[in-house]
Amino acid sequence: MTEDLSAKDTRLIWHPFTQQKTSPPPIHIVRGENTLLFDVHGKSYIDAVSSWWVNLHGHANPYIAEKVSRQLTILEHVIFAGFTHTPAVELAERLLSHLPHQQRLFFTDDGSTAVEVGLKMALQYWRNQGQPRQKVIAFEEAYHGDTFGSMSVSGRNVFTAPFDPLLFEVKFIPLPLPGKEQQALDQLNALIKSQDTAVFIFEPLVQGSAGMRMYQADVLDDMVRLCQREEVLTIADEVMTGFGRTGHWFATDTLRHKPDIVCLSKGLTGGTMPMGVTTCNSRIFDAFYSDDKTKTLFHGHSYTANPLACTAGLASLDLLEKPECQERIQEIVRQHQAFVQRIGPHPRIRDIRQQGVILAIEISTESETSYLNTIRDQLYAFFLEKGVLLRPLGNVVYILPPYCITATELDYVYQVIEEALATVGIDS
């Protein structure tokens, strides 16, 4: 008998964030259409997490596909040192028009490398100024990626534990959750008064991988203001929160005091191709603009500004800028709000929180909230059986759908979550 694809995969491939010994065989997906994924047996799954938060407009979107297909016949790739091309310039121009406080854009490969570049910009900025500041501040339980710089500014946890001795020192402060705002402000204020403090990096409004932990824009605005007062640089990691996820084009749109550097990826190409960007204001760029070649930002990637990915990004922006897409985002927000009101009092819910199209439900269990909470595997299997792709962060179930999801599909996702609350993890 011919070995099926899932069995061959299990024999050959090492999957991300997966304990290969204990995980079930991967599901063989053969095609996607709008919100749905279809497996080899014809079963459909509502992709309610946008396939790791990247998909904005649905799978196999015909508009994006047509644009990328046409670009394939024009220019597939060219070295981006000493050369340029139309899709890159157009994408930079259009992205920066939505980030008017940023003036320059550096192309990278993904969210983690976008953060790496942001950190290198910030730290080399001070070196180029003749002030080698090196202290970095970040939030506890942050997640900024899996390369060494981005791991360093992430909270020390199960993701970083094998590498903790190799990571550079970072000063961590509490996330300004309700009741902890002043504590977070006081700790930040004390740290930034140090003459060697270089930069404060944060996920604005929502910490994603930490369990969709949410906090208010006004306290973050105060934090950025304090940093600006002491001339400490700020980096907004909008890899997850960008492109409408918080109900705004960018989470930092809610701030009066804007960051010096912004990192973007995930929804950048509508979930079609890998790409990241790091933007900065003129203050940062001017510190590198010099006759002294040692002040160059020595960073790059083989596929920097790949024309196909840039074209996908432009096509995604075309769709995102349409009034009907912006209205659909607000419809999802309102539908989430109604569900929160209905399910909020449920006795099994420890906490429920929402920011834009992101809805997170923290389920009460005997153990504390944790990425490794054992209820996660039961919930994940239950959702898949019901034809819904929800990938809980431990005991935190979250919804982060593509904007093309229909009201009926979203109602079904809610229904399945309510069924899980009634059955999963309850002893018979």
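This is a predicted model: local features need pLDDT of at least 70, side-chain atom pairs count only at pLDDT 80 or more; totals for chains, interfaces and linings use all residues.
Residues are numbered from 1 along each chain as its sequence is written, and side-chain values use heavy atoms, without hydrogens and water.

User: At what angle do helix 3 and helix 10 pack?
Analyst: Two packed helices are described by the angle between their axes and the distance between the axes. Helix 3 covers residues 62-72 and helix 10 covers residues 307-320. Helices here are DSSP runs (H or I, at least four residues), and strands are E runs of at least two, numbered from the N terminus. The axes lie 9 Å apart, at an angle of about 150 degrees.

User: Is helix 3 roughly parallel or roughly antiparallel to helix 10?
Analyst: Axes are lines fitted to C-alpha atoms, for helices over the stretch in contact, and angles run from 0 to 180 degrees between N-to-C directions. Angles under 35 degrees count as roughly parallel, over 145 as roughly antiparallel, 65 to 115 as roughly perpendicular and the rest as oblique. The packing angle is about 150 degrees. That makes helix 3, relative to helix 10, roughly antiparallel.

User: Which residues have the most contacts inside the largest nonpolar core?
Analyst: A nonpolar core is a set of buried (under 20% relative accessible area, 1.4 Å probe, protein chains only) Ala, Val, Leu, Ile, Met, Phe, Trp, Tyr and Cys residues joined through side-chain atoms within 4.5 Å. The largest one has 97 residues. Those with the most contacts inside it are Met212, Phe243 and Leu390.

User: Which residues does Glu419 touch, not counting residues up to four places away in sequence?
Analyst: Glu419 sits in helix 13 (residues 407-423). Its relative accessibility is 27%, so Glu419 counts as partly exposed, the class between buried and exposed (over 50%). Contact means heavy atoms within 4.5 Å. Beyond its sequence neighbours up to four places away, Glu419 touches Phe382 and Lys386.

User: Is Ala60 buried or exposed?
Analyst: Ala60 is in the loop between helix 2 (50-53) and helix 3. Its phi is near 55 degrees, a positive value in a residue other than glycine. At 63% relative accessibility, Ala60 counts as exposed.

User: What is the phi of Lys266?
Analyst: Lys266 lies in the loop between strand 11 (261-264) and strand 12 (276-280). Lys266 counts as partly exposed because its relative accessibility is 22%. Although Lys266 is not a glycine, its phi is positive, at about 40 degrees.
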